[in-house]
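Here's a quick briefing to read alongside the model. Have the sequence and the viewer open as you go.

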Amino acid sequence: MKYAFIFGTSAFIVPQGVITVANEDITKQVLHVHSLYHDNDKASFFSINLDIQDAEGNYIRLTENKAESEGNYKVETERNSVKVFNGDGSVLIYVHQLDDETAMNLEHNITAEFEVNMPLAVIRINGDFMADGVHIVAENEKLWVNDDSWATAALAGTGPLRFTAAGVAI
């Protein structure tokens, strides 16, 4: 099983359900997919571990979708998604496992890469958050990692998805 992380119009396909941040000599997990939702299994649900910061530098930590840190944020879960809201109600991060039909209706350059890497779980991430000094903004059309922007990319790699001060590495 591989994982496709979708940010804006870019897909990054990796063999692990893990996103890390590499900043100088430190590598740290930002997101870890703990369990996947399967529509044919009523007991299944999408679950993640998360370790990020908001714009003010407040830490947000989730373990299996449960808040592990104190703060002015709210966590909302559904069977296939996790949303973390800032204190003002805006979305800090939204992590959503797409169903197969929705995933295969994305842009052709992305779905062509999906077909080569099947089977895979497709995870869409939107938000505006920090990860150990790296600023990540994922919107409908683009991904920004610090000042580096990505759009309409479909890349597959053999290691974990990594955010660095210089951009994205796989």
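Which residues form one aromatic cluster? They are Phe 7, Phe 12, Trp 150 and Phe 163. Before the rest, some ground rules: this is a predicted model, where local features need pLDDT of at least 70, side-chain atom pairs count only at pLDDT 80 or more, and totals for chains, interfaces and linings use all residues. Residues are numbered from 1 along each chain as its sequence is written, and side-chain values use heavy atoms, with hydrogens and water left out.

**Overall build**

- The protein chain has two helices and 17 strands; these are DSSP runs numbered from the N terminus, with helices being H or I of at least four residues and strands E of at least two.
- For 170 residues, a compact globule would have a radius of gyration near 15 Å, and the protein chain agrees at 15 Å (taken over C-alpha atoms; the globule rule is 2.2 Å times the number of residues to the power 0.38).
- Among contacts with a separation of 6 or more, 47% come from residues 24 or more positions apart; contact means heavy atoms within 4.5 Å.

**Surface and charge**

- Of the 170 residues, 45% count as buried (under 20% relative accessible area, with exposed over 50% and partly exposed in between; 1.4 Å probe, protein chains only).
- The accessible surface comes to about 8,600 Å², and carbon and sulfur atoms own 45% of that (Shrake-Rupley method, 1.4 Å probe; for residues, only the protein chains shown count as cover).
- There are 11 positive and 25 negative side chains, with the centres of the two sets 4 Å apart; Lys and Arg count as positive, Asp and Glu as negative, while His and the chain ends are not counted, and each charge sits at NZ of Lys, CZ of Arg, CG of Asp or CD of Glu.

**Aromatic pairs**

- The count comes to three aromatic pairs (rings of Phe, Tyr and Trp, using its six-membered ring, with centres within 6.5 Å; planes under 30 degrees apart are stacked, over 60 edge-to-face, the rest tilted).
- Phe 12 and Trp 150 have ring centres 5.5 Å apart and planes at 80 degrees, so they pair edge-to-face.
- That pair links distant parts of the chain, 138 residues apart: Phe 12 is in strand β2 (residues 10–14) and Trp 150 in strand β14 (residues 148–150).
- Both partners count as buried: Phe 12 at 1% relative accessibility, Trp 150 at 19%.

**Around Asn 126**

- Asn 126 lies in strand β11 (residues 120–131) and is buried at 16% relative accessible area.
- Setting aside neighbours within four places in sequence, Asn 126 is in contact with Leu 92, Ile 93, Tyr 94, Ala 138 and Glu 139.
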